[in-house]
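I recorded what I looked up, entry by entry.

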Amino acid sequence: MSQPKIVVLGAGYAGLKTVKQLQKKNINAEIILVNKNDYHYESTQLHEVAAGTEPASKITFKVTDVLDSKKVTFIQDTVSLVKKDEKKVVLEKQGELSYDYLVIALGFESETFGIPGVNDFSKPLVNIKTAEECKKHLDETLANYQTTKNDADLSIVVCGAGFTSIEYLGEITNRIPKLASQLGFPQDKVKITCIEAMPTLLPMFSEKLGSYGIDVLKKRGVEFKVGTPIKEIKENTVVYEENGELKEINANTIIWTTGVKGSSVIGESGFSERRGRVMVESDLTVAEHPEIFMIGDVSAVMDNESGRPFPTTAQIALKQGESVADNLEAKLAGRPSEPFSFKPLGTVASIGNNVGIGNVMGKEVKGYIGSIMKKNIINKSLLEVGSTKTLLKKGRFDYYH
Ligand SMILES: Cc1cc2nc3c(=O)[nH]c(=O)nc-3n(C[C@H](O)[C@H](O)[C@H](O)COP(=O)(O)OP(=O)(O)OC[C@H]3O[C@@H](n4cnc5c(N)ncnc54)[C@H](O)[C@@H]3O)c2cc1C
């Protein structure tokens, strides 16, 4: 009898963790992992590449470095569709791939909220390619000032003040003094504006902790506009609403970090979704499709304590990967699957290289200690999808290089 075929889509935190767990188990199944690139990237560190404080090589490794080739086949291709009723996946280059069990872990994309001009005139921060584009654009634009003397070359607008925006601001405010002496532009003329539609900043932290983080950025020269929704992005201009009036800021660098949605493949494949996310069953399968698991940023998991879905994070994606591997093992053995349970361990945001703020297991941390906690957390995540060798190879114990 032929072996059942498990196909995992996406080698991010959720997909790679699933496969790493599966290959540890003694299961009789063919395992196939499909990913767009031949590398895994740590999405949680994209802001460092975008700001130019770390190269892409520091946060990427080859997927095959952590796969057991005797147990897992890796296919590098882009998934364009899931034909759930035919149990097939359509790949851009290699055509159709059938499955018995499917794990969809295709991750996130930039969310424009339908605001005009976002795709044309701002830079999203969602993968290695876009992060490298952000860095190249920032470096070139700041360097241009030498010849243009155009103030807009030194004006940077960060759209949104969520987690990604704050971490990106932390990195660029660390790097700009070095860039100023390297490229010869006047540092005091650099204008960094962060525009947020919501009335409060960093609502996931206590007011005191959030203010501490924001004050660090303000002291480094960031101006925050809060309760000011962005209405349009035009070429080198951000249009926003303040006190009922439309206003504009000129900036030759506009970074779009207002939020993310799940992969567009989910909606295009006819799953019942909201912003690319499917509300999954308690065992992380899709309703009426017990053979399909949906995890990571394409899934929404209800937090029964708050009555709202858990925020999509790398932390939950890793736990989901573990649970799916256990449930696949159970299904193959004819046992019922177990419900997924999750207790968040906390959240820490970095504000550049040596400041962090967050909650860890019910305790607030900030400053240098916060930064150490953050570095430990990302190293732990890297260990879960990579290996000790990956950590050593990437020099990740050298915290303050
Ligand atoms: C700057 C930033 C900072 C963050 N900080 C934190 C943090 O501190 N803590 C935390 O817990 N979370 C954080 N997050 C959120 C976290 O990164 C995501 O929740 C997490 O990456 C989701 O994991 P995933 O496996 O679902 O998706 P991803 O990490 O997005 O992985 C998806 C994978 O699928 C591949 N893929 C996508 N589309 C296709 C396709 N069509 N075909 C084939 N392959 C495809 C991608 O190349 C990628 O390898 C941060 C996010 C950002 C952007």
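Which atom of the ligand lies 2.9 Å from a backbone N or O atom of alanine 14? I found that it is an oxygen atom of the ligand. I counted this as a polar contact, a pair of N or O atoms within 3.5 Å; within protein, one must be able to donate a hydrogen and the other to accept it, and residues adjacent in sequence count only if both atoms are side-chain atoms.

I noted that the model is predicted: local features need pLDDT of at least 70, side-chain atom pairs count only at pLDDT 80 or more, and totals for chains, interfaces and linings use all residues. Residues are numbered from 1 along each chain as its sequence is written, and side-chain values use heavy atoms, with hydrogens and water left out.

Entry on the shell. I read that 30 residues surround the ligand, with Ser43, Val79, Asp297, Ala314 and Lys374 the closest (near means that a heavy atom of the residue lies within 4 Å). Helices α1 (13-24), α5 (163-183) and α8 (314-332) supply at least two shell residues each; helices are DSSP runs of H or I of at least four residues, strands runs of E of at least two, numbered from the N terminus. The ligand lies between domain 1 (5-36 + 77-110 + 261-344) and domain 2 (112-258 + 345-401), because both give residues to the shell; the domain bounds come from an automatic or database domain assignment.

Entry on strands. I traced an open sheet of 5 strands, in the order β11-β18-β12-β13-β14, with parallel pairing (two strands pair if DSSP finds at least two bridges between them). β11 (123-124) and β14 (222-226) are at the edges with a single partner strand each, so one side of each has no neighbour in the sheet. β11 pairs with β18 (residues 253-256) over 2 bridges, and proline 124 stands opposite tryptophan 256.

I also examined β6 (residues 79-83) and β7 (residues 88-91), which pair in the antiparallel sense over 4 bridges. Valine 79 has leucine 91 in β7 as its bridge partner.
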